Amino acid sequence: PFRIEEFRREIIDGIRDRVGDKQVVCGVSGGVDSTVLAVLLHEAGVNMRAIFVDNGLLRKDEAAEVVNNFHRMGVPIEKVDASERFLTALAGETAPEKKRVIIGNLFLDVFWDAVGDAEILAQGTLYPDVIESASNENSKASKIKTHHNRVDRVLELQAQGKVLEPLAELFKDEVRELGASLGIAKDILNRHPFPGPGLAVRCPGDITKEKLDIIREVDAIFISRLKDHGWYDKVWQAYGALVPVKTVGVKGDERSYEWACSLRAVVSEDAMTADWVELPYSILRESSNMILNSVAGINRVLFDVSSKPPASIEWE
Ligand code: XMP
């Protein structure tokens, strides 16, 4: 059996041994893995910096929440607000893969600028990531991880023994358990997966601040309905996306000509396949009413009943 207390002590001792009095830097997203990593470094008492890049593609209030969560845990965090840079770089681009490349490259520029002359880089790489990078070079997941965890600069540091991956023997469930034993709040540990490119993969076509703000409102309403009705923890991932097609509607006494949005909720084991979830109609009705009453720019709400394959989980 996996003995968490003992394991936690071992990991923390291992970090102290490796880091000594050098400075260690880690990137944090607010997700489970990087949060657990940052808390472990903090608990180890080493000289650490946690860097959080706001790429302007985060959900409603997410940047403030991440910073606030770290403050609550007493772990120092540095937020780099690069949202304008990302929006400028993305302006006018409509091709999904090109959008991904722009975001990935800019993220690396911004992150490494903030890191400066790091003595040690800590990453929240998990066991499945290690396996995927080694055995399955062509899968999308492995390309994603490759992009963030195994890029040139990282390989260079790795060759010099300057990359620390304290979670590399763990599965996700074990990371959650470890997180709980470190006192990390349940709402952080049970967060749905959120993609690195953020809302860019929920905004087909070109990305504008106006569209992102609409997605943020739609998503926040839908997620709040799921939480209030006890469905958030029953689904693997759920979100609102923009369907940038304008159709005619009526708002008040006026004809409207506005975009549609899509609500999506799936269950999955590993994201390679996924089933859409039969949410209660009452949740859909409540979400739809609230969205149509309060989100300017949306006059139609759709529920996505597509499983993966052939659909993907995200809308890009
Ligand atoms: P798709 O849309 O390919 O998504 O069915 C499968 C899962 O992967 C997540 N996803 C990403 N996660 N970086 C990530 O860290 C990415 O670039 C990325 N793209 C998709 C997606 O949210 C879903 O859970």
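Biologist: Does α11 pass α12 in a left-handed or a right-handed crossing?
Modeller: This is a predicted model: local features need pLDDT of at least 70, side-chain atom pairs count only at pLDDT 80 or more, and totals for chains, interfaces and linings use all residues. Residues are numbered from 1 along each chain as its sequence is written. A crossing is left-handed if the near helix is turned anticlockwise from the far one by less than a right angle, and right-handed if clockwise. The crossing of α11 past α12 is right-handed.

Biologist: At what angle do helix α11 and helix α12 pack?
Modeller: Helices (H or I, at least four residues) and strands (E, at least two) are DSSP runs, numbered from the N terminus. Axes are lines fitted to C-alpha atoms, for helices over the stretch in contact, and angles run from 0 to 180 degrees between N-to-C directions. The axes of α11 (residues 209-228) and α12 (residues 281-294) are 9 Å apart. Their packing angle is about 150 degrees.

Biologist: Which residues of α12 make the contact with α11?
Modeller: Two residues are in contact if their C-beta atoms, placed from the backbone, lie within 7 Å. From α11 come V218, I221, F222, R225 and L226. From α12 come I283, E286, S287, M290 and I291.

Biologist: In what order do the 5 strands form the open sheet?
Modeller: Two strands pair if DSSP finds at least two bridges between them. Here the pairing is parallel. The order is β3-β2-β1-β4-β5.

Biologist: Which strands stand at the edges?
Modeller: An edge strand here has a single partner strand, so one side of it is left without a neighbour in the sheet. The two are β3 (78-81) and β5 (163-164).

Biologist: How many bridges join strand β1 to strand β2?
Modeller: β1 (residues 23-27) and β2 (residues 47-54) run parallel. G27 has I51 of β2 as its bridge partner. The number of bridges joining β1 to β2 is 5.

Biologist: Across which strands does helix α5 lie?
Modeller: α5 covers residues 96-115. Its angle to β2 is about 150 degrees. The strands are β1, β2 and β3.

Biologist: Which residues are closest to the ligand?
Modeller: A residue is near a molecule or strand if its C-beta atom, placed from the backbone, lies within 6 Å of it. In all, 13 residues surround the ligand. The closest are P195, G196, S312, I313 and E314.

Biologist: What is omega for the cis bond from P309 to P310?
Modeller: P310 is in the segment after β9. The bond from K308 to P309 is also cis, with omega near -15 degrees. From P309 to P310, omega is near 5 degrees.
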